[in-house]
Amino acid sequence: MNIHESEKLAGILTQKGYFPTEDNELADVIVFNTCCIRENAEQHAFGNLGALKYLKKKKPSLIIAVGGCMAQEEGTAEKIKESYPFVDIVFGTHNLELFGSYLDERLASKKRVFKITDDSGKIKEGLNPFRTSYPNAWVNIMQGCNNFCTYCIVPYVRGREKSRSKEAIFSEVQKLVLLGYKEVTLLGQNVNSYGKDLDGDVNFASLIDMLSEIRGDFRLRFMTNHPKDLTEDLVKAVANNKHCCHLIHLPVQSGSDRILKLMNRRYTSADYIEKVNLIKKYIPDCAITTDIMVGFPTETEQDFQDTLELVKKVGFSSAFTFVYSRRKGTVADKMEGQVSEDIKKDRIMRLVELCNEQTRIYSAKYLTKTVTVICEDYDKKKGLYLGRDEYGRMGYFKSDVNLIGELCNINITDVNGISLYGTLVTD
Ligand code: SAH
Ligand code: SF4
C-alpha cells in the first residue's frame, strides 16, 4: 500500500514537471513516505531524515517533505516542527492527494507547511500514479480500517474505512489492462469489508464478479483479507473468475484463542481452520499465505505452541512473521504482561524455522514441474530474469532476450526456500 502511495506522490511530482533521480544530491524535492506499523520502521524513517540535514545546508532550495502514516501519528508533526527544522512540509495519509498544492504553497511563501487534516469525505479520484511496478499495477479499492485489533495503529492513523465506487475501480482496472499491465493487485487493509460504507448492494464478492467481465489476459490479486469477513460468496467468486490467482493471503496472527480474543480479532483458531477448509473446498489448489505475530502481551509458551500447531495444521505456502511491537495509543500498549525481548527473540526464531520448513516442503513440490510466470524483472546479481507464478512463487531463469511483461513457461530444476530456479521452455 505504501509503495502505491509513493507512486501517487511521484505522479503528482511528474505532472508538475519533476522527474525521478536516485541521487539525493541532484534532487530538488525529497519526499519521505513513512510507515509506523512497527517501531523499527519509524526509527528507520527518523534516521534517514536526520541524514538529510547536511544536504539542506548545502542546497537551501531543496524541499524536504514527510508524509505517510507516521506523520499522522500523534506527536510526530510537533516533533518534526521542533527537532527537524530543515523539513519543509509534513502531510498525512488522508490528504496525500493535496501534496501538490502544499508544495506550491511552500515554494510561494517560504513558510513551512504542516497539514495533517482528517478529511472524512470520499476518496479523491483522478490521480495519475507514476507506476513503477510494470507488469503489475496496484489499485487501491478502499482506505482505512474499522477493526481496531488491539496491537494495531492503522485505524488511528488511517481513519475509518472508505471504499471507492465499483465503477471507478472497474474503469481503472480496464484501463490498466488496455495499457498492457499483466497483473492487477487490489489493495485495502481489509478488502473483505469493501463496500460496507457504500449505498446499495455492493460487496467485495460482487466487485470480483464485476471485474471478471474485463476482457484480456491478466491476473487479478487482492490483499489483505480478514478471516472474520471472508465469505463463501467471495471464495466462490474467486473460484469462478478466470482472472483471479489461486492465492489468498489470510493473516492469522496467533493460534491461541485466548490471545486472538485479547487481540480483538473476532475469530477462534477453529473458525480460522473453517475458513481454510472453505477455500480448499472451492479452490483445492489455492495457496494460502499468512501473517503471524509472536510476543503479544501475556503470550505464554502454551499460547505459542498453539500457534505452531495451527501453522503445522494449515501448511502455509509462505508466512510473514512479526515480533509484537508496542504502539502508543493502542489498547495492547497499556496491557499488563508485556513479553520480554529475549522470549520474543526465542519464539520468532522457532516460528521462522517452522515456516521455513513448510516453505521448503511447498517449494519441493515444484521440482521437475513446468510453471507459468509473468516475467517482472531482471536480477543483475544473479544474471537471471524472474517472475511469479499464480500462487505467488518467484521463478528465476536465464534468457538472452528481455522478457519482462511476457508469460514464460519454465521447467523447475532447483528450489531454494521460497525461490524456484528453472530453464525457459521455448517452442
Ligand atoms: N490489515 C492487514 C494488516 C496490516 S499490517 C490485516 O489485518 O491483515 C500487516 C501485519 O503487520 C499484520 O498482519 C500484523 O501481523 C503486523 N502488525 C501490525 N501491527 C503490529 C504490531 N504492533 N507489532 C507487530 N506486528 C504488527
Ligand atoms: Fe490493523 Fe487489524 Fe485493521 Fe489489519 S484489520 S489494519 S491488523 S486493525
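In this talk, a residue is called buried under 20% relative accessible area, exposed over 50%, and partly exposed in between, using a 1.4 Å probe and protein chains only. The model before you is predicted: local features need pLDDT of at least 70, side-chain atom pairs count only at pLDDT 80 or more, and totals for chains, interfaces and linings use all residues. Residues are numbered from 1 along each chain as its sequence is written, and side-chain values use heavy atoms, with hydrogens and water left out.

I begin with salt bridges, each a side-chain nitrogen of Lys or Arg within 4 Å of a carboxyl oxygen of Asp or Glu. The structure holds 28 of them.

One joins E341 to K344, with the closest N and O atoms 3.2 Å apart. Both belong to helix α14, residues 341-364, and lie three residues apart, about one helical turn. Helices here are DSSP runs of H or I, at least four residues, and strands are runs of E, at least two, numbered from the N terminus. E341 is exposed at 53% relative accessible area, whereas K344 is buried at 5%. Further salt bridges with shared partners connect E299, E301, D346, R347 and R350 in one network.

Which residue does K196 meet in a salt bridge? The partner is D229, at 3.6 Å from N to O. This pair links distant parts of the chain, 33 residues apart. K196 is exposed at 60%; D229, at 11%, counts as buried.

Lastly, E309 pairs with K312 at 3.7 Å. Both are partly exposed, E309 at 44% and K312 at 48%.

Terms used. Chains are lettered from A and ligands numbered from 1 in the order in which they are written.
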